[in-house]
Amino acid sequence: MKYIAWIILTMIVGMISCSRSGQHMQTLSDAERIVYANPDSALALMNDIEATDLKTDSARALYYLVAASAHKAKESSMVSDSLIRFSFDYYKNRDKNRFVRSADLHALYRFWTGDGKGALALLDSMISLPDMPDNLMILLLRSRIGVGGAEFDCERNIGYIKRLQELDKDSANQIEYTYQLCENYQFVGRSDSALIIIDSLIDYARKSQPDGKDYFTYAYERIGILEELGRYDESNVQTDYILEHAPHNSAIPYLYFWKALNYFNMSDFDQSSRELAIADSCAADTKYFDNSYYESFAGPLREFLQYRKNGNVRISQLATLNNSQRDRFLRMESTKWETKQNALRQENRALTLKAQNERKTSILVIMALAAIIIVLAAIWNMQKRKRATIEAEERAEALQKMVDEMNTSAAPSTGHEALRRAMLKQLGIIKMVAETPTEQNREMLRKISSIDSNTNGALINRESIYEIIDNLYSGFHTRLHERHGDILTDKEELIIVLMMAGFSTKEISVITAQTTATIYVRKSSIRKKLGAPEKKDIVAFLRQEISD
């Protein structure tokens, strides 16, 4: 009964677990399919899934992969995606597509947490793998160029950008790659190559969208390139053109700053001071302007002009600027740390909720188990009663048969029949029937009592039965006891004697007050102890063995 209950419980829990796992995997697959086009929708699909609830490594790996992919697609912080390493390790030898994507995300996580060199090393190792499909190589190259630019690894970036241009034929992307190539040339000091590229971009923008946003972006970039090449007059002309044709753009303070820097390099310090004053005024009047970033350029130039004017350098001003940048960096680090702490707090809350859910689930499981046990116990009790009723009916039938035999048979003509008749009077049937005083048994008691009024419900007189068996069958019981008495129990010897007397299994169960099933078990035990073959009658086997 207990084993059946556990089997049913295990099946129920297994079906519930498989159902939940299947639903989670389907949800994660749906989120993965839309994560790059609609990252917010993908995250919304995953809101009802807790990573701690996922029981399989495959589900956890996919969960971390989709979550990190959504953060990348949204261009948001990836500081909380530390577990993308799990996906990276899991997919390594299982799924190349997901392995490469998880490697890309793991590298970006390293970059976000300050390990830029580790991110570049991981991306470089992935790019060097053989037989990489073009779509995955494009993914890795784009991330490598972005991280490489932030880490000022521009020399190697140039080669990667050219490779990317060969693989990705999308026209819009080609423009982006060309612009990135220009920036990287500029950072490595190859301003002449950068100028050629930016001029081609300006021509393209002028033809495709005159006076559009891209045109002024490229024109602004050209100002810095010309300044680096020492072509200050041309740089100023480019600046004046933008100021004239885009007088309300957000780069106004920087445009005047470029003019101030150009005049400073041309040794026209008075004009440089005037242009810088205009730049400072524009920066102060512009809403939502990042003054800290502006000051990182304007502050040093202001001090240089001061030095040219009176020969003094105010370290305090440069220190203030440096401290401001340091504070900015510390705030960023604090934000990263807080993000990590928030991720840990969320994980702890998830674990707490999981524990609460598990307790609730345990209570439900215990209640379900109790209900199952109660139902099974009721079924077992019903079956037991049913079996008891059937056995009682069988015993009553056998008893009635024996009583009828006593009432109808004539005087015994053989020893065998005499034995049966004598045993019917001596086997204690009256006591057995009297122990269950039902109306049916009372009637049976009256019938048995009418057979021989001298029985008085006496118990089975085994010694008398054994004596009769010995007289009728040449000392059968005595020889049986002498040869096998050390291995046979008293009950087993009695059963053998009753079988010798010609009683059936049902009749023996009635006479010995045992169930039919018990008699079958004891007969099997007798057969094993005596070594009797399965298909041979036990009595015949014993007669042959004892007579030998």
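**A helix pair and the salt bridges**

Helices α8 and α9 run roughly antiparallel to each other, a label that covers angles over 145 degrees. This is a predicted model, where local features need pLDDT of at least 70 and side-chain atom pairs count only at pLDDT 80 or more, while totals for chains, interfaces and linings use all residues. Residues are numbered from 1 along each chain as its sequence is written, and side-chain values use heavy atoms, with hydrogens and water left out.

Now the pair itself. Helix α8 covers residues 154–167 and helix α9 covers residues 171–187; they pack at about 160°, with axes 9 Å apart. Axes here are lines fitted to C-alpha atoms over the stretch in contact, and angles run from 0 to 180 degrees between N-to-C directions. Helices are DSSP runs (H or I, at least four residues), numbered from the N terminus. The contact (heavy atoms within 4.5 Å) uses C154, N157, I158, I161, K162, L164 and Q165 from α8, and Q174, Y177, T178, Q180, L181, N184, Y185 and F187 from α9. Sorted by type, the contact residues are eight nonpolar, six polar and one charged.

On to the charges. Count a salt bridge whenever a side-chain nitrogen of Lys or Arg sits within 4 Å of a carboxyl oxygen of Asp or Glu, and you get 20 of them.

Take R144 and D124: their closest N and O atoms are 2.7 Å apart. R144 belongs to helix α7 (residues 134–150) and D124 to helix α6 (residues 116–127), so the bridge links distant parts of the chain, 20 residues apart.

K259 is buried at 9% relative accessible area, and E275 is buried at 5%.

K74 and D40 form a salt bridge too, with N to O at 3.1 Å. K74 lies in the loop between α3 (57–73) and α4 (84–90), D40 in helix α2 (residues 39–45), and the two are 34 residues apart. With 39% relative accessibility, K74 is partly exposed.

Finally, E32, D95, R98 and R101 are joined in a salt-bridge network.

Notes. Angles under 35 degrees count as roughly parallel, over 145 as roughly antiparallel, 65 to 115 as roughly perpendicular and the rest as oblique. Ala, Val, Leu, Ile, Met, Phe, Trp, Tyr, Cys and Pro count as nonpolar, Asp, Glu, Lys and Arg as charged, and the others, Gly among them, as polar. Buried means under 20% relative accessible area, exposed over 50%, partly exposed in between (1.4 Å probe, protein chains only).
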